[in-house]
Amino acid sequence: MTIIFLIFLIITFVHIILGLALFRQYPTINDYLHSFSIVVVAHNEEQMLSPLLESLLAIDYPVEKLEIILVDDLSTDSTFSLIADYASKYPFIKAIITDQKYSDYKGKKAGLQTALDLAQNEIVVFTDADALVPKQWLKSHNSLFTSQTGMVIGYIRGENIKGLKRYKRIFSSGLFASLCSLGSAFSCSGGNLAIRRLALKQVDGYASIKDFPSGDDKQMLNLIKASKYKIAYNSQIKVIERQRNLTSEQAYQQAIRHYGKVAISSKTYQIGFIITSLFYLSIPVIVFFQPSILFLFWLGNIFFYFCASLLHKEKIYLEDIFLTIIYPYYMLYFSCLGTFTEAKWKK
């Protein structure tokens, strides 16, 4: 059991390194204001859009350095009428419908490419129809766009979520932030994402990833990471994701979609995922023979989660200690489902 103990000790040490890496300080600028193109692609979102649009209008940023591009992705409800109404009132808002010439772009990518072709400003920033953005959103992202930065990924906080959903959001965001700080960014949230327009042009926009029905944000991150630009993580500003009224089946399918991105990850990440999966599957057997070793498993995970909560200014609850044990298997289960089956969420 000495070798097993050593393995657990190494894994604990890795969790500590990942936790400490969360507090990396990125270079910032203070005296230059980039121009921003905000992009929202919506499909049948008439019930969710108005609060988002009002929050976009409330952003504290010079209007002459701002444009908002709202794309109706072939909705069958009144989504386009709603965004067209806003566009008629504000000259810096553009309302468009996905062009049929992008019909070979799967999923949301046709709408994203349509918006990208229209964007005029230096930085393209993305959010979702069910989000609420804070007033300082653009100023915060702006400060992280030095001359070497091509992409800034950010934090999304779920609205009134509890238990495993809350734990999942904090842990996942912590993992995004930690690996980004170590120069190995592997994923992000498309609801709080800013990319230099020149970097998008350099990787040919969404043309090279048009055949994938989902994972737009993760695939674009991989393209930017492979370019000359660096990626930064912004933990200082929170975009709020409003909760939808989902059935249990819809929530189940949504989880499959969110975690089913192993196949579009790098080979290094795929190998790491397999090794990690085998490790977690072996834990119940190992703990059965040596229960005390569970302490090491807990220690590293709890330390990392504590650091992620501290970084994102989130409270820590007693139940989080128990969720530390449950979450890896939750993630493993839905990652496997998403790899071998196709989610029915947002089809």
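Predicted model: local features only at pLDDT ≥ 70, side-chain atom pairs only at ≥ 80, totals over all residues.
**Overall fold.** I started with the secondary structure and got 12 helices and 8 strands for the protein chain. Next I looked up the radius of gyration: it is 21 Å, close to the 20 Å from the globule rule for 347 residues, so the chain is as compact as a globular protein of that length. I also took the extents of the C-alpha trace along its principal axes, and they come to about 70 × 45 × 35 Å.

**Packing.** I checked burial over the 347 residues and found 52% of them buried. Then I went through the contacts with a separation of 6 or more; 84% of those join residues 24 or more positions apart.

**Surface and charge.** The accessible surface of the protein chain is about 16,800 Å², and carbon and sulfur atoms hold 61% of that. I counted charged side chains too: 35 are positive and 28 negative, with the centres of the two sets 6 Å apart.

**Aromatics.** How many aromatic pairs does the structure hold? I get 11. I picked out F176 and F186, which sit edge-to-face at 5.7 Å centre to centre, with 65° between the planes. This pair links distant parts of the chain: F176 belongs to helix 6 (residues 163–181), while F186 lies in the loop between helix 6 and strand 7 (193–196), 10 residues apart. Are F176 and F186 buried or exposed? I find both of them buried.

I also noted one aromatic cluster, formed by Y167, F171, F304, Y305, Y327, Y330, Y333 and F334.

Methods:
Residues numbered from 1 in each chain as written. Heavy atoms only, no water. Helix = DSSP H or I, 4+ residues; strand = E, 2+ residues; numbered from the N terminus. Rg over C-alpha atoms; globule rule 2.2 N^0.38 Å. Buried < 20%, exposed > 50% of the residue type's maximum accessible area, 1.4 Å probe, protein only. Contact = heavy atoms within 4.5 Å. Areas by Shrake-Rupley, 256 points an atom, 1.4 Å probe, with all protein chains shown as cover. Lys, Arg positive; Asp, Glu negative; His and termini not counted. Charge placed at Lys NZ, Arg CZ, Asp CG, Glu CD. Phe/Tyr/Trp six-rings, centres within 6.5 Å; stacked < 30°, edge-to-face > 60°.
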